[in-house]
Amino acid sequence: MRARVWGCRGSVATPGSETVRYGGNTSCVEVGLASGHTLVLDAGTGLRALGTELDVDDGRELHLLLTHLHMDHLQGLGFFRPLYRPGLDVHIWGPASPIESLAERIALYLSPPLFPVRLNDIPASLTFHDAPEDEPVAIGSATVRAAKVKHQGPTVGYRIEENDRTVVYMPDHEPSLGVELRSQPPEWISGHDIAHRADVLFHDAQYREDEYESHIGWGHSCVEHAIDFAQKTEVDMIVLFHHDPYHTDEDLEPLLTAARDRWEGPGEQVCLAHEGMTITLDAEGVTRG
Amino acid sequence: MSAVSGAGPKSVALILARELAANLATPMFLMDDVGTLVYYNDAAERLIGKPFAELGEIASSDFGAVLQLSEPDGTPLRRRNTPAGVAFFQHRATHRELLATGYDGVRRHVQVTAYPLFGAANEMHGVVNVFWEGEELEGDAPEDEER
């Protein structure tokens with residue numbers, strides 16, 4: 001299994017000279033499986049570039065796993081070239097809502113006046129699924145499971161397992177809301193069950209600790225809380241994700257230092273996500289590139 | 001009565017409800033999707049007479065041993081007829097004025113509101129049970145014949 005980051009910025013795309021190192025595109029991670037299948041985690045603006053490189057000629061279906069439908073996780077969808085391949089089988093997964101179906105909610109964006117092409121006019125063959133919260137689903141050589149997590153509105157995190165290796169993706173998550181994480185019983189921690197003992201955890205780390213104080217309840221974590229969550233869930237590696245749009249490359253580096261200071265383990269187990277980052281998980285272990 | 005062993009992961013709806021309860025001065029009890037009492041807040045300890053940390057999670061069948069509810073005339077309530085029972089079994093909110101007797105044996109007038117927590121696709125995550133405390137009554141509670 002190989003994960004590649006195409007976008008790790010939170011909230012809104014931030015192109016420019018101050019975000020070159022870590023990137024300005026919003027959430028999108030490609031996960032390539034041993035079976036040749038591709039899972040795409042979220043459809044932020046990073047999805048556009050992925051669509052230009054993704055090989056969809058092999059006839060395999062494509063799976064797009066959405067954590068939620070905020071614009072920074074959806075905006076790239078209309079610009080994803082594979083959607084304009086007639087007949088290409090694309091499965092879109094997302095959090096269930098008690099009000100509207102996943103397709104109805106996505107159509108709010110993929111329709112005029114917000115977008116010129118209607119969802120119904122997309123040439124690819126789209127199939128919509130509620131994220132697999134009750135039972136895991138097999139996709140190619142992987143098993144995928146989802147769980148609702150604390151954010152604003154219906155939001156899930158995903159756990160992807162293949163050959164005894166596990167990647168967990170929770171780009172928008174505020175598990176510390178109202179609680180002191182380190183003293184909480186595991187069963188009462190949002191997302192603990194699906195993150196537990198993952199090899200790699202992509203997790204929300206939007207704020208500095210002092211910034212978090214004025215953003216409590218916004219649905220995001222500060223770096224310190226992300227580290228506490230990672231320690232509590234006993235993951236082997238945490239990738240700090242969903243960088244604040246106001247944080248420049250220079251701002252992010254001290255966050256990494258603070259995170260490693262708090263982490264009770266080797267510093268290399270904590271890293272900042274950046275566009276182009278790859279993580280390979282195989283029998284040999286986990287390799288970051 | 002025994003604590004439930006092997007407490008499993010809780011839904012986000014229950015986690016959020018618990019955090020709300022933990023920050024309220026109003027007694028609040030939470031049941032999960034199988035009826036287990038999974039939490040009560042500090043304010044509810046006054047009614048129970050013991051902290052949640054001491055009792056832990058309690059199976060629904062044992063809840064009557066923790067807090068006995070009866071009609072205002074003292075007639076014990078069947079579990080299904082308590083506000084929490086109505087919310088759990090009939091999937092609807094309800095409000096009653098009742099008598100509550102905890103471990104300390106003190107009977108109190110209470111008003112109880114219970115409502116089910118539904119998520120997507122009408123999946124029930126549990127029940128919220130809120131108590132508004134009234135006056136304490138003098139004298140021992142009547143013998144419990146049916147809980």
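What covers the buried residues of α1(A)? In this predicted model, the cover includes three strands of chain A, namely β1 (2–7), β2 (28–32) and β3 (38–41). Helix α1 spans residues 46–53 of chain A, and its buried residues are A:Gly46, A:Leu47, A:Arg48, A:Leu50 and A:Gly51. An α-helix has 3.6 residues a turn, so residues three or four places apart point the same way.

Chain A also contains an open sheet of 7 strands with mixed pairing, ordered β7-β8-β9-β10-β11-β12-β13. Strands β7 (137–139) and β13 (270–272) of chain A form the edges, each pairing on one side only. From one strand to the next, the twist averages 25°. Within chain A, strands β9 (residues 156–162) and β10 (residues 165–170) run antiparallel and are joined by 5 bridges. Opposite A:Arg159 stands A:Val168 of β10(A).

The largest nonpolar core comprises 111 residues. The residues with the most contacts inside this core are A:Val167, A:Leu201, A:Ile238, A:Leu240 and B:Leu30. When residues up to four places away in sequence are not counted, A:Val167 touches A:Met1, A:Ala3, A:Val31, A:Ile160, A:Ala198, A:Asp199, A:Val200 and A:Leu281. In soluble globular proteins, nonpolar side chains tend to be buried together.

Chain B has 5 helices and 6 strands, which follow the pattern α-β-β-α-α-α-β-α-β-β-β along the sequence. Of the 147 residues in chain B, 35% are buried. Among the contacts in chain B between residues at least 6 apart in sequence, those joining residues at least 24 apart account for 53%.

Key
Residues numbered from 1 in each chain as written. Chains lettered and ligands numbered in written order. Predicted model: local features only at pLDDT ≥ 70, side-chain atom pairs only at ≥ 80, totals over all residues. Pairing = 2+ DSSP bridges. Helix = DSSP H or I, 4+ residues; strand = E, 2+ residues; numbered from the N terminus. Axes fitted to C-alpha atoms, helices over the stretch in contact; angles between N-to-C directions. Buried ≥ 20, exposed ≤ 12 C-beta atoms within 10 Å, placed from the backbone. Contact = placed C-beta atoms within 7 Å. Core = buried A, V, L, I, M, F, W, Y, C linked by C-beta atoms within 7 Å.
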